[in-house]
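Student: Could we go through this model together, a few questions at a time? I'd like to start with the strands.

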Amino acid sequence: MATQTKLGIVILEEQPFMRSAFAREIEDHASLELRDASGLLDSANIASAAQTATGGVLLVGCRSLTAALAAELEPLSMVGGPSGIALLCTDFEGEAVAHAQRLCSTSRKGFGLFLKDSIYSGQDLEQFVLSVGTGNVVIDPRVIGSLMESPVRPSSAEFSSLTDREIDVLELMARGLTNMGIADELGVQRATADRHIHNIYSKLGNDCPSNISLRTHAVSMYNAALQPA
């Protein structure tokens, strides 16, 4: 009888209880082999884990996909190391959208992105990593809309200092939403929306004419930048 080939899994998960849960589920499935599990998401540990995961899947668990983490994972998604990268995030919004878009577009291997609460069982986890391990791109349906519909970033130099979340907020301002409406749309507190808007005014308001409001000035700049040349 032929021996079943197991898919090797290396876990990098910053939350200890999630790391233990993933490890138990992997060890309970005959199709998977746990090679290592760690909680450090720094450069050295990611590089080491990628080598250990050669031919297998690097399973990365995080609260949100940051620019720093995306920068570490991007080269791994193109050459060498694991045959696939499976990302599990607690939340997915704002700048994480742009980072995920970049990883999806550059990946030359299996790539997966799911929210952690979309993995309901050990079988879900098994199917997720097996699919990534065979070279598929697997995206949580709950985040596909964000990847497809994120606001267009104006290319003008004036907007280079704005974060992706501030671009999100500016796009909602251009749609006519109030500060409270923006907070509701993004699922954040009013104070958080107010802070983003204050930052936008600080970055775009230097040349604001005295006879118009900062909001009108910022929205006018945004709309003008999106017009075809």
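Student: How many bridges join strand 1 to strand 3?

Tutor: First, this is a predicted model, so to speak: local features need pLDDT of at least 70, side-chain atom pairs count only at pLDDT 80 or more, and totals for chains, interfaces and linings use all residues. Residues are numbered from 1 along each chain as its sequence is written, and side-chain values use heavy atoms, with hydrogens and water left out. Strands (E, at least two residues) and helices (H or I, at least four) are DSSP runs numbered from the N terminus, and two strands pair if DSSP finds at least two bridges between them. Strands 1 and 3 run parallel, with L12 opposite V60, and the number of bridges joining them is five.

Student: Is strand 1 enclosed or open, and why?

Tutor: L7, I9, I11 and E13 point one way from the strand, while G8, V10 and L12 point the other way. Buried means under 20% relative accessible area, exposed over 50%, partly exposed in between (1.4 Å probe, protein chains only). Seven of the seven residues of strand 1 are buried, so the strand is largely enclosed.

Student: In strand 2, what is the bridge partner of L7?

Tutor: Strand 2 (residues 32–38) runs parallel to strand 1, and six bridges join the two. The partner of L7 there is L32.

Student: Which residues of helix 9 are buried?

Tutor: On the other side of helix 9, A191 and H198 are exposed. The buried ones are A193, H196, I197, I200 and L204.
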